[in-house]
Amino acid sequence: MQTDAGVTRCPQCAQQIRVDPGYVTWCDQCDWNVDPTGPDHKHPAWRLKLEHQLADTLYRELETGRVNRPGWDLARVTAYLLSAVLLVLPLVALIGGVALLVFYRPLWLSIPMAAVALGIGLMLRPRAARLDPDAELVHREDAPVLFRLLDQIAASIGTPRVAAVALDAEPNLYFTRVGWRFRPVIGLGLPLWTGLRPQERVALLAHELGHGKNGDARHGWVVGAAESVLEQLEEAFTEQPYDEYKLDAAHDLGTDTSVGHLTRLINAVVGPIVRGYAWLLDRMNLRANQRAEYLADRTAGEVAGSDAAAWALERTLLADSSHRALERALRFEKDLPPLEAVRRAVTETPKREIERRLRLSRLRETRTDSSHPPTYLRTKLIRTRAATSARVVLGLDDSRTIDRELAPAAERVLKQLRAAL
Ligand SMILES: [Zn+2]
Ligand SMILES: [Zn+2]
């Protein structure tokens, strides 16, 4: 099908289309072959339509500017309330256990009952967020220029400075709060970070710090803690293979089966309630998260300028191929430094390929169960708003200095990745 001239005809609408060797050939007229491998999951048409509609309503709400106050939308408040109910459970168990010990007699009965209650309380207790042990921490004194930039962005948004930067080999950037002091940490994934132009770096850092400012990490922690309580409950109230076995054995031996039947009955009643609750919490949380992404994008546009914010989002579409380029370089390339291979993979990507991935995001990501809204809607929202100019500017020299500051930690990350391959 490929011709020498680097053009071919679309088999669907006969439009002339360009062929970029090494990239997918697709038609910009009729979207032929935009998604050559097909979607991961097959969903019925009505469901896809519903999900497109939901994505569009959220988009329109933000486009008309009705959501101005970040944080407290209905989905988020509902997610918080649903979580709070669950987080009270471990507390009730702990207080109950102590109360049994103090007030209930005889002691030989209260001690085992209290032990059960305290055990449940401890098992369900919320835990502080930890960093991935593979991440390499970069501190203020290791990277003065990077932290100066982060401080500038934080000041311009009005949020506290970050305590540390965590470097890893994942194809993304993130914001989190670590430990019981909830110290703000920015995570930089080398495959994405390396391929960014200076102002795109400002945009993505501002997006992440925007999450911090809007309380999204706190929200994520509360919902995450509630979800882990739900997981434990789900496990406790789902029929285990062992339960079945015990019941069968009791039948065969002709012994009492009432406990086994009771367990089955409780599982049949409580199990679906727990699963329904988990589903509802999940939906509310995803809705709140999608909105949070749009709002963080808005912050990115205000700090880095709207053009850089939109470009930066388009770069994130290449993060997975950057990650593959990095792995390939670590495996096979002897002459080219791995991070240089990532840079090339990004800069050599034709505009048409980025456009294809934007369209692909419309086909694949317009889903209520994906944590981020589709990238094409996110860039569209940034571009339909009045253009903004940058409040924080990163020059090329400073951007290169940051790369040098990160080099020792990056070397350690690459070494780990090489060992894992
Ligand atoms: Zn076509
Ligand atoms: Zn985000």
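In this predicted model, residue T299 is found in helix 9, and because its relative accessibility is 12%, below the 20% under which a residue is classed as buried, T299 counts as buried. When its neighbours within four places in sequence are left aside, T299 is in contact with I157, A206 and G210.

Helix 9, which spans residues 258-304, also packs with helix 1, residues 45-63, at an angle of about 40°, and the axes of the two helices lie 11 Å apart. Since angles between 35 and 65 degrees belong to neither the roughly parallel nor the roughly perpendicular class, helix 1 and helix 9 are therefore described as oblique to each other. The crossing in which helix 1 passes helix 9 is right-handed. On the side of helix 1, the contact is made by R47, L54, T57, L58, Y59, E61 and L62, while helix 9 contributes R283, R287, Q290, R291, Y294, L295 and R298. Sorted by class, the residues of this contact between helix 1 and helix 9 comprise six nonpolar, two polar and six charged ones.

A further set of buried residues is found in helix 12, residues 338-347, where P338, L339, A341, V342 and V346 are buried. These residues cover an arc of only 155° around the axis, and they are therefore placed on the same side of helix 12. The partners against which the buried residues of helix 12 pack are helix 5 (190-194), helix 10 (306-316), helix 11 (319-332) and helix 15 (396-420).

How values were computed. Residues numbered from 1 in each chain as written. Chains lettered and ligands numbered in written order. Predicted model: local features only at pLDDT ≥ 70, side-chain atom pairs only at ≥ 80, totals over all residues. Heavy atoms only, no water. Axes fitted to C-alpha atoms, helices over the stretch in contact; angles between N-to-C directions. Helix = DSSP H or I, 4+ residues; strand = E, 2+ residues; numbered from the N terminus. Parallel < 35°, antiparallel > 145°, perpendicular 65-115°, else oblique. Left-handed = near helix turned anticlockwise from the far one by under 90°. Contact = heavy atoms within 4.5 Å. Nonpolar A, V, L, I, M, F, W, Y, C, P; charged D, E, K, R; others polar. Buried < 20%, exposed > 50% of the residue type's maximum accessible area, 1.4 Å probe, protein only. Arc of directions from axis to C-beta.
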